[in-house]
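Thanks for letting me take a few minutes of the meeting.

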Amino acid sequence: MVSPDTARTVVGILGNIIALMLFLSPVPTFVKIYKKGSVEQFSPIPYLATLLNCMLWVVYGLPFVHPHSVLVLTINGTGLFIELTYILLFLIFSDPRKRLLVLGMLVAGIAFVVAVAVLVMTLAHTHDRRSLVVGTLCVFFCMLMYAAPLSVMRLVIRTKSVEYMPLFLSVASFANGVCWTTYALIRFDLYITIPNSIGTLFAVMQLILYAMYYKSTQKQLEARKGKGETALSEVVVVGESMSKISQAPPPPPMNGHHHNQPENGQN
């Protein structure tokens, strides 16, 4: 008979693997940025937001805040490093004005998380209180990041096309959400359960939409090829939240880890 702790560890390791794949999904975008030597119109906001989430979950996973959360710490620590790498590339390949803006937001985010950690350590003197404060902040910021996947689904319904919602990443997001929800339920953790269960629900909705609009997407692609037109995923739609300009990278796995769609329709 497998013990609950062993099952939780196995599920958590699987969740780490899937979440790592999602964290790395924007790599093709940054390869293009590196080759072109410019970030062009890509927005740094999604990566800064994901970095903030990772930093908060790292604080949550620390032994003096929420013990027995090593796997939460490992994946979000890894995600933190990956997002910092993305942001470093933004700093290198941005124009001076955008570079200053990104640097200012990065410093502000780090200062906020450091302030949270210091205040929690000095004012909250039990694991339960520390977990309550940091966990609540984690869930709050995760909820804010759900605007991106909701925008994806709205765009799919409006265009009757799943070009911006690749099947592989929707499936991976569903598997990731199931893993972390299961992980949180084996040794009940409310702050991990809430965002991941909601993330799983969003992933299911995305899969349903994919099934509904797959055929219409193929028809649209064939029609455009016949007319020699450009695919939607190659167009920058100004002001559209899921456009090439503003699409987001995957959010941290403890935030419900379903993903925010990546740039160029690849996330």
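Rings of Phe, Tyr and Trp (for Trp, its six-membered ring) count as a pair if their centres lie within 6.5 Å, and the pair is called stacked if the planes are under 30 degrees apart, edge-to-face if over 60, and tilted for the rest. With that rule, F30, Y47, Y86 and F90 are linked by ring pairs into a cluster.

Before I go on, please keep in mind that this is a predicted model, where local features need pLDDT of at least 70 and side-chain atom pairs count only at pLDDT 80 or more, while totals for chains, interfaces and linings use all residues. Residues are numbered from 1 along each chain as its sequence is written, and side-chain values use heavy atoms, with hydrogens and water left out.

Searching the whole structure gives 12 aromatic pairs. Among them are Y60 and Y191, whose ring planes stand at 75 degrees with the centres 6.1 Å apart, so this pair is edge-to-face. It joins distant parts of the chain, since Y60 belongs to helix α3 (residues 45-61) and Y191 to helix α9 (residues 190-227), 131 residues apart; helices here are DSSP runs of H or I with at least four residues, numbered from the N terminus.

Are these two tyrosines buried or exposed? Buried means under 20% relative accessible area, exposed over 50%, and partly exposed in between, using a 1.4 Å probe and protein chains only. Y60 has 0% relative accessibility and therefore counts as buried, and Y191, at 16%, counts as buried too.

Key: Helices (H or I, at least four residues) and strands (E, at least two) are DSSP runs, numbered from the N terminus.
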